[in-house]
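Have the picture open and look for each part as you read.

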Amino acid sequence: MRTCLTALTAILVAMTGLFGPVAPASAADEIVIGLQCDRTGATQIVGTVLCPGFHDYIALVNSKGGVEGHKLKALEIDHEYKVPQGVEAYERHKKDGAVSMAIYGTPHIYALAAKLTEDRIPGTSPGFGSAAAADGIRYPYIFPIAATYWSQGAAAVEFAKKQLGGSLKGKKIAYLFYDNPAGREPIDVIEDLATKEGFQLKTFAVPPPGVEMGAQVLDISQRFRADFLIAHLFGGAPGVSIKELKRVGYPLRKVVSFVWGAAEANIEAGGGFAAAEGYYAMQFAGVGKDYPVLNEIRDMYKKQGKAAPKEMDSTVFYNRGVLIGALHVEAIRNALKAKSGGKITGDDVKKGFEKISNFTLGGLVPPLKITPQDHEGGGLVQIWQVKGGKFEKVTDWYAAYQDVVAKHIKEAGAKK
């Protein structure tokens, strides 16, 4: 028997010499991530840049050998920002063995919340989705990770307060929003803050797809005469709002946008950086090209004899795509480290998300910490301003009125 084993070993060694070393990861070792995108729908201004950032980060990780010896495969489906297509995309990704899902769109998170829990697959919704899902106990498989719309609304009110001299008592604040579940999500929180801070709030809904808002802007500027405007628009709508506000003479330095009206593409659609001078925008990831991870991606392309992709120039959405990809990778890494054999499930990756701690991606985000109780990670944002032909950082990372946000999270849990 020993002689046979020795002979077999010799044969295997010889075969290794002939065919080269065994690859560290094969197709069977691939770990699948489901990636929903919008490359052709109403908000394609986001998806056409964010999703390439996600893919580039996965490619960077794979170029270094993958994660714990496993290559990653991001399967993308374009759902056109339509819920039926988003649900179908989820089912296809599940069938293909995805152990985590990058969900795209607030209506889609609402539609898939029960399925994620039932199937025990974690889904991310950074900077959008259900704000109540910050409560990881009641929503164990949804990970907002970045500031939810409740935290963004609170941060916007705090910023308006500082811009108006430290008090909002007696002031008029307008809230201009895309009329869908995402746009309506923060209204209750802002209404609570209106009572708390003593300002008059008036809301202005913009029907999808958000290409007409002349009447709303006229009302804000000339009838209501808002002291400050909080804008929560996305897709092509932020660019329309910038043009309309300029047309009626409303100062853009009195406007702060939620995170999805905060990119270079939004500014260009509004007439360019010169036209949008003064406009404030909220961010949950760093802006610009000077981050180590982006340098690594450019070096990866250079080694392949290729130029860096043009999408990298739209740094707001591209950087977010890189961040979202990195968060999925970090969760998968944590899952693989915790489970011998490398065969991980969605439940393992869910626990991997909940072990993310002090995650900064080289300064692209503040130190993120996700726990089983807190799936949001602090609700931190920065404010940047269009100034001198570029985005300029105005505030460091901050969170505001977290007591009010926590109250709404608790109330939402009681209703569930």
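This is a predicted model: local features need pLDDT of at least 70, side-chain atom pairs count only at pLDDT 80 or more; totals for chains, interfaces and linings use all residues.

Residues are numbered from 1 along each chain as its sequence is written, and side-chain values use heavy atoms, with hydrogens and water left out.

**How confident is the model?**

- The mean pLDDT of the protein is 93, and 93% of its residues reach 70 or more; pLDDT is the predictor's confidence in each residue, from 0 to 100.
- Residues 1–27 are another story: pLDDT stays under 50 there.
- For that stretch the model has 7 contacts beyond four places in sequence, a contact being heavy atoms within 4.5 Å.

**Strands and sheets**

- A quick word on labels: helices (H or I, at least four residues) and strands (E, at least two) are DSSP runs, numbered from the N terminus.
- Two strands count as paired if DSSP finds at least two bridges between them.
- Now find strand E8 (residues 228–232), where 5 of its 5 residues are buried; buried means under 20% relative accessible area, exposed over 50%, and partly exposed in between (1.4 Å probe, protein chains only).
- From E8, Phe228, Ile230 and His232 point one way, while Leu229 and Ala231 point the other way.
- E8 pairs in the parallel sense with E6 (residues 172–178) over 5 bridges, and Phe177 stands opposite His232.
- E8 also pairs in the parallel sense with E9 (residues 255–257), over 3 bridges, where Val255 is the bridge partner of Leu229.

**Helix H14**

- H14 (residues 402–415) has 14 residues and reaches 20 Å from its first C-alpha to its last, close to the 20 Å expected at 1.5 Å a residue; the expected span is 1.5 Å times one less than the number of residues.
- Which residues of H14 are buried? They are Val404, Val405, His408, Ile409, Ala412 and Gly413.
- An α-helix has 3.6 residues a turn, so residues three or four places apart point the same way.
- The cover over the buried residues of H14 includes helix H5 (149–163) and helix H7 (187–197).

**Aromatic rings**

- Rings of Phe, Tyr and Trp (its six-membered ring) pair if their centres lie within 6.5 Å; planes under 30 degrees apart count as stacked, over 60 as edge-to-face and the rest as tilted.
- The whole structure has 13 aromatic pairs.
- In one of them, Phe159 and Tyr280 have ring centres 4.8 Å apart and planes at 70°, so the pair is edge-to-face.
- Phe159 sits in H5 and Tyr280 in strand E10 (residues 280–283), so this pair ties together parts 121 residues apart in sequence. Both residues are buried.
- Phe273 and Phe391 also make an edge-to-face pair, because their centres are 5.5 Å apart and their planes are at 80°.
- Phe273 is in the loop between helix H10 (264–269) and E10, and Phe391 is in strand E12 (residues 390–393), so the pair ties together parts 118 residues apart in sequence.
- Phe273 counts as buried at 13% relative accessibility, and Phe391 is buried at 10%.
- Phe128, Trp260, Phe284 and Phe317 form one aromatic cluster.

**Lysines over rings**

- A charge sits over a ring if NZ of Lys or CZ of Arg is within 6 Å of the ring centre and within 35 degrees of the ring normal.
- Lys162 lies over the face of Tyr398, at 5.6 Å from the ring centre.
- Lys350 lies over the face of Tyr141, at 5.8 Å from the ring centre.
- Lys350 belongs to helix H13 (residues 346–353). Is Lys350 buried or exposed? Its relative accessible area is 14%, so Lys350 is buried.
- Beyond its neighbours within four places in sequence, Lys350 is in contact with Pro122, Pro140, Tyr141 and Phe143.

- Thr148 lies in the loop between E5 and H5, and counts as buried at 0% relative accessibility.
- Leaving aside neighbours within four places in sequence, Thr148 is in contact with Ala131 and Glu376.
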